[in-house]
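Colleague: Please take me through the model below, one feature at a time, with the cut-offs behind each word.

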Amino acid sequence: MAQRNRRDVLRNTAAAIGTAATAGLAGCSGVLGSGTTVSVSSKRFAEQKILGNMALEALKANTDLSTEDKTGLGGSVQNFKALQNAEVDAYWEYTGTAWYTEPPKHEKTINDPEKLYQKVKQEFKNEHGLIFLDRAPLNNTFVLMVNPDWAEKTGVRTLSDFAEYVNEGNTDFQMAYTAEFINRSDGWKGVASHYSFEDKLTDLKSNIKQVGIGLTYQIVGKGEAQVGLGFNTNPNIPKYDLVVLEDDKQFFPVYNPAPLIQQKTLESNPEIEEALNPIPPKLTTEAIRGLNKQVSIDKKDPQTVAKSFLSSNGLI
């Protein structure tokens, strides 16, 4: 009964707002519960499939819209182009990806999450006719993570701690990084410059193992290296009890996900916003790590995981 009441409220609100809205959307076949189909895509990795399925389940439970599942469509470029071309109606995009890799691309780093969100929100509306809904607090950015025993031994918990430790002459530990991270100016060299330990890069160079990022978690977790590069929401971080070093001087870009919607779709179906905006505030980094673990490590179905999360949080 509670679910039905919520659906009724959303539909009635949408009807009041969208009475004057027109039909004829690319990717949709009607308006306001009268045959309208909203297609939701995603990128191919576990986190994106979970987010895409959250959108689908919330729309199915809380609106009368029909949905089309296009999760796992492809990478960032494929999803963005599909949305631009009205081949899909929505997918979750990261603020950092929108700012740095999608047109118009930017090189300037904006570390403040809300400022970055507002910038991409305005830009995508003005230049692409695409609307960002509310952003989630989870941040799927690069992180330096360390072996828990090493963290306990050294007391290193932040990147400033790491810089201080290295500058004191402690350079006899092993690191596991990708070749790209080592060579990029906004990677390892950028971290060293930002945290003022670039004078120690030569001393540290011989201690770096070049490995694929997928292997780093296990290597650091087993103590074969003490420090490694990872993604902040990867489920292997809790699996191996790794310690993520706090980026206390904000070097790495922010990657908060938010639903990105065709403006025309949203204008004709405003209940989409009412159905999806309650989801992002629940998506903390800790929460998404747990969900990613269920899919990537425990091999559960993304739809099942997404639906269970929404239900347990009273969102469907």
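Modeller: Relative accessible area sorts residues into buried (under 20%), exposed (over 50%) and partly exposed in between, using a 1.4 Å probe and protein chains only. The model is predicted, so local features need pLDDT of at least 70 and side-chain atom pairs pLDDT 80 or more, whereas totals for chains, interfaces and linings use all residues. Residues are numbered from 1 along each chain as its sequence is written, and side-chain values use heavy atoms, without hydrogens and water.

Colleague: Is Asp186 buried, partly exposed or exposed?

Modeller: Asp186 sits in the loop between H8 and helix H9 (188-194); helices (H or I, at least four residues) and strands (E, at least two) are DSSP runs, numbered from the N terminus. Its relative accessible area is 40%, so Asp186 is partly exposed.

Colleague: How far apart in space are Asp186 and Phe252, C-alpha to C-alpha?

Modeller: In sequence, Asp186 and Phe252 are separated by 66 residues. The C-alpha to C-alpha distance between Asp186 and Phe252 is 8.3 Å.

Colleague: What percentage of the residues in the protein are buried?

Modeller: The protein has 16 helices and 10 strands. Contact means heavy atoms within 4.5 Å, and of the contacts between residues at least 6 apart in sequence, 74% join residues at least 24 apart. Of the 316 residues, the buried share is 51%.

Colleague: Is Ser39 buried or exposed?

Modeller: Ser39 belongs to strand E1 (residues 37-41). Leaving aside neighbours within four places in sequence, its contacts are Glu68, Lys70, Glu87, Val88, Asp89 and Ala90. With a relative accessible area of 1%, Ser39 is therefore buried.

Colleague: Which strand holds Gln262?

Modeller: Gln262 has 10% relative accessibility and so counts as buried. Beyond four places in sequence, Gln262 is in contact with residues including Leu83, Ala86, Val88, Asp89 and Leu130. The strand that holds Gln262 (residues 257-262) is E10.

Colleague: What is phi of Ala86?

Modeller: Most residues other than glycine have a negative phi, and most peptide bonds are trans. Ala86 is in the loop between helix H3 (76-84) and strand E3 (90-94), and at 17% relative accessibility it counts as buried. Its phi is positive, near 60 degrees.

Colleague: Which residue does a cis peptide bond join to Pro103?

Modeller: The cis bond has an omega of about -10 degrees.

Colleague: What is the volume of the largest pocket?

Modeller: On a 1 Å grid over the protein atoms alone, a pocket is an open set of points where a 1.4 Å probe fits, with protein on both sides within 12 Å along at least five of seven lines, and lining residues have an atom within 4 Å of a point. The largest pocket is lined by 30 residues, with Thr101, Phe142, Arg184, Pro253 and Tyr255 nearest its centre. Helix H4 (95-100), helix H8 (179-183) and strand E8 (227-231) each give two or more residues to this lining. Grid points are joined across faces, edges and corners and the volume is the space filled by probe spheres set on the points, which for the largest pocket is about 750 Å³.

Colleague: Which helices do the buried residues of H16 pack against?

Modeller: In helix H16 (residues 302-312) the buried residues are Pro302, Val305, Ala306, Phe309 and Leu310. They fall within an arc of 130 degrees seen down the axis, so they line one face of the helix; the arc is that of the directions from the helix axis to the C-beta atoms. These buried residues pack against helix H2 (46-62) and H15.
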